[in-house]
Structures are given as C-alpha cells and as structure tokens.
Amino acid sequence: MPQAYRAQITKTFRDDAIRSVLLIDDEYHPYTDLAQKQQELIQEIQKIAPKLTEGEQPPEIPENAETAKQALIEAYAKVNLLRESANSITDSFKRTLVAAEFGRFFHQAKCICDVEKQTTQLDPEKVRKSDLIILDYCLTGNDSTKSLQLLRDLSSSKHLNLVVIYTNKPLNNVWLEIASTLRSPKLTSPQDYFIDDKQSLDLWESAEDLYKESWSPLSRAQQVRYILDEEVEVIKEVRAQFWEDVQDQQDFDDAIHNEPTSAVISYLCELDISKKNLLADGGVKSHIHGKDNIWIQCGEVFIALCEKKGNSPEEIAQQPQAVWDKLEEALHSWYPSFYRVVLSELQNRIEDSNFSMSKIVGKPEHEQIALLWSILKEDPEKKLSVSESLLHHLLQDISDELLHRDNKAVPNLIETLANSVVENAPIFVPFKKSNSQPHNEFVQRSLEVSKSNFRTNREEFDKNFYMSVAHAHNKLLSTKRSLPEYITTGSILKSVKKGKTSWYICVSPSCDTVPNQLTDDVARLLSPHRLLSFIKLTQEDLSQALGVATQSSHVFVTDIKEGRVALRVINQVTKQPDLIQLIVKNHNTNPLTSEGMTVTSITSSQKKNDNGKLKENDMILWPVAQLKSAYTARFQAIKSHHEGRIGVDYIPAFFSEMPPAAEPPVLDI
C-alpha cells in the first residue's frame, strides 16, 4: 500500500474522526469512586482513634489485664478491617492508573476521554455516541457475553463504531469467538437450514449419526477461512476425506447412503463454528470481513484486537500508545476503498464545519422565513414532498460550501487521494483515431488499478467486468438514487406481457404529472386518472450501446430481473422517437410503489364485426429508475421537437436504368 494512501486512512478514520473515547472496564474506577473509598477509610480511622476535642483526654488503658486484652483484640480487628479497606483502595488505584494513563494520553491528543465502570446494563445508544470505544473483553470475571452482546448491538446501529478489544486473553480465541458470534445467531435445526433443499434434508435425516461420527472437526485455520467467505474452498478441501471416512464406517451401506451434498458438509461446518458462538439467541445472519487476530468488520462496527501487557508503571504508561498503534495497524490491514475513504472524509469535514453558524451558507432573513413558510402553507398531504425538496435545497448549499471552501480543499483532496492508491498512477494518454491502442491500454490500466483498490471484488478482469463498470458509471451519471412518488418526467418503467418486457420513459412536462394539479381540461375530465406521454424504448446489446454512449441515444439502468440494461430512445430506422400516450389509472390518488401502476391504452379494433370500435387495453407499469433533470430534459426536448415538426409535400421519384430515347417526331406546321 502506498505511504500516502496509508497516511490518509490513518488521518481520515483515526486522527480526524476520533474526538471522544470511552473506556469500558469494571476494574477501572472513576475518581469519584476513589474519593468515596478514601472518605470511608477516614471514617474507619476515626472509629479506631476518634478526634479529640480541645481539652479532651484520650481513654485510659484498662488496669485489668483481661479487660486490656479484650480491648487490644477489638483494636486489632478494627485495624485488620482498615488494612483490607486500604488494600482494596490500593488495588483499585492500580487499575485506575491505567485509566489515568489513557485519560492523559487522549487529553494530550485533544480528545475527551471517559471511563465506564457500570457494566451490568450497557446501553448501546449511549456507548455508540463515543467515536472510539476501548472495551475490556471480559467485563465480569471470565465472562465475555456482555461485551459480545454490545458488539452485536453496535453492528446493527446506524453509525460506524470503532472498537478496540483490550484483553489479556489469547487473541486467537478472542477473534474466533467474536467472529462466530457476530456472524450469525445459534444454528437452526436441520429442517430450517435445508428448508429449500429437500435432497440435502433427506440425506441428513437418513444418515445424521453416520455423518457426525465420520466428521473430523475443522481446524482453526479452516474455520477462519470459512467465516471469511471461503466456504466453497473449505468444503472442497474436506469433501473427499469426509466421504472416504463415511464409507469406512461399519454402519455404512452403499445401497442406502449416498455421497453428501455441499449443503450437508456446510451444515457440519456450521456446527463446528457455532460452538464458538457464546450468545444463546438473538442477532441476524451477518457478513464478516477481517484478518485473523487483527481486526473484524461486521455491519456498522469495526473491531481491532489489542493484548494487555504488564502491570508495571512503565508498561502501563506505554499501553495507550500501543492501543493507538494497534488501531492504526488494523485500519491499514482493513484497507478501506477509495469511495469509503472519501465518504468518511466528507463526514469529518461536515462535522467540523458548523454549517448552522456559517456566514457563507447562512441565508438572508426573508429566505429563511420563506423556507419555513413553503412548508406551513401547503396541504398536509403535500408537506412531506415539500420538505424533501427543502432538504435537497439545503444539501445543495452544503455541497456548494464543501466544493469551494478553503480554495477547493475537498476536491483537491479527492484528486490527491485518487492518485495515491498506487505508487505509480497511470499517466493519461489522449485518444487518437489514427492509433487508439495506447489510449486503450491506458484505460485498461486505470481500470485494473480501480479494481485492485476494491479488495473484496473477486470478479474476473474481462470484457464482462469492463462492461459492468462502464454501465455502472453511465447509470451513476444519469439516474437518481431514489424513485419518485408518482410517474413524472424521466420515470423509466417496464411492462411484461407473455414473457416479453417492454420499456418506457415518461416525457410529459413535469407540471402535467403532479397529482391533483389539473393543468387543462383533459386532466380535469379524466381525474383521478391522467393522460401522459411516453417514449417506447428498445433494449439493445450492452456492448454496442456502450460503444456509442456519447451519442446520448440510450439510457442505462439496472433492473432486478433483467440486470444491466441499455435502452435506446431514438428508433434506429426512423430516427424518431416511438411516442405513445397512456392513461395512468388513479394517478391522483395512488402513489407509485414497487407494485406498479395500472395504465390503459386506447386502440381501435381491427376485427370484421367490430371494425373501428375503441377498446381499452390494461397493463401494469413497474418503476425501474428516475433520470436526472438534465438527461430528462434532453429526451423531453426530443419529444417536443418530434411533435413540432413541419412536414411539406414533395413527390418521390425512383430511377432505374432507362432505354435510350427515340428520335422526336418532326412536326409539320
């Protein structure tokens, strides 16, 4: 990893992101607890030797030997209790020295550091508000379930949580326990595990005991690989030996027992891994990323592992720096992608920017009043959509502020970061029509570098991968992330009839698509339905469409069933859009959802008995994507240009080879 990229990861995810630290350990005592213990010690001392008032004499020593002996025994018992109390304070102080060192270290780093001793009921909502959590693995004796439950809760929160597990337990055991527990809840029954695999369930039920007796537990290394997304490879490794061991069993009958499926072997692997799952229930199936003994990432929690070392003052003084360095090592090993680094850097800058007080973003009083008024004056049913528009407006302000602040510091950072993902970034080679090979090699090299930055991607680097990336790039440029609440300008939809998919894009003016906004007599007469204009699209080969993408004749979308799709807007033969009009039923009352909208087309019957009779044809349009405004405007302009064309009459003439002309006749006048 290049040093510049490594340094940016440290800066983005550790140095700039961490402003508050929470230390959780039942052995660490806050200073308030120590002060209370000191007060209790003083009270015990006063019981043994009460403070004398002015002129008061100390009690006399009893002259009777037996009485004196009894007084001495009582005094010794009190002193012994005092010694135990003092030892308790000393032990607490020793552990609190560790907390004091952490507090001193992070205060010097300009971070707020707090200690949480109460571990009976850890509230994840409270804990997650700290940027870094240093968590003792065993919060009650040797019991780690409280820590594991907290990690599970943090993994499903809405905020990325950085956690350092600080423990004196062997890291190889701790890593496997955390990964196994976060990965999934306790293993379900065979009936649930093989719910969609009757063959495997039948095999298991007919030979469960035989399989269990023949199974050799996975090694620790195999368990780690299985957890880290190498299930197929591990199953392939153990399959042959397992089947051989099954056949060697005395109870094996080749007339009854068949070779186990991959699902059966997978279930046996899951049984091994579930033994390290220390939480009885709860949780959901989760994906685990990580590196053995160093880090684990699951959902919204990133966990680094650090071993406690020594109790001498010198060793205690070094522990905060060791934790800090271990977190950096784990982050470098994690190797977040360029995209994730950029997003985290933006989050850091937004949190530092104090936009609510910014003079640059701040609007004049009338504009601020107008923003609130724009919501309050609307019908209750429209307030949510108006609020969404307001949010887009405010986010655009923040985007503009980030773009131009400090002489375009953020764009410059993004450019520098992109150039630092490898030691020698590809040097740009312009395209030359006479010799395109150097440019093509440059494009291929830049794509290889981009793919290598995303380490979890295991696709083959081939033409299909290249098309996927190019399609994704065009889709990112042209489509919005979310779908609208109603069919509007730029909405891309599909219908399916007899297994054939048809595609459409709405090109009616956006003002004519707003529900309950009746702009003309047609809208009023058809209400609650709405007559809208569409261009019928043609699905084309993705490779060919990408080759002419700069002509802006296609839209690139991803459909749940069809996958990556390229759709041509302009008919390749007529060079004109295929315009149709459809009546969207209940457009004013029913929102656009994944269930689709019913639309109607009006056609004329061509049957002999009903020739010319109008009929309605219903179909369902399902939403696929929503184009961005600029791309929508282009296709709407194509529709307007087509409808506004002026045709004039000419007479066509078709010529073929003609015989020589005969001599003209001579006219006698």
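Which side chain does the side chain of Glu-540 join in a polar contact of 3.0 Å? It's His-554. By polar contact I mean a pair of N or O atoms within 3.5 Å; within protein, one must be able to donate a hydrogen and the other to accept it, and residues adjacent in sequence count only if both atoms are side-chain atoms.

Quick housekeeping: this is a predicted model, so local features need pLDDT of at least 70 and side-chain atom pairs count only at pLDDT 80 or more, while totals for chains, interfaces and linings use all residues. Residues are numbered from 1 along each chain as its sequence is written, and side-chain values use heavy atoms, leaving out hydrogens and water.

Back to Glu-540. You'll find Glu-540 in strand β10, residues 530-540; strands are DSSP runs of E, at least two residues, and helices are runs of H or I, at least four, numbered from the N terminus. The Glu-540 side chain also has a polar contact with the side chain of Arg-568, at 2.6 Å. Is Glu-540 buried or exposed? Buried, because its relative accessibility is 17%; the scale is under 20% relative accessible area for buried, over 50% for exposed, and partly exposed in between, with a 1.4 Å probe and protein chains only.

Now Thr-501, which sits in strand β9, residues 500-506. At 19% relative accessibility, Thr-501 counts as buried too. Its side chain and that of Glu-562 are joined by a polar contact of 3.1 Å. Leaving aside neighbours within four places in sequence, Thr-501 is in contact (heavy atoms within 4.5 Å) with Lys-494, Ser-495, Val-496 and Glu-562.
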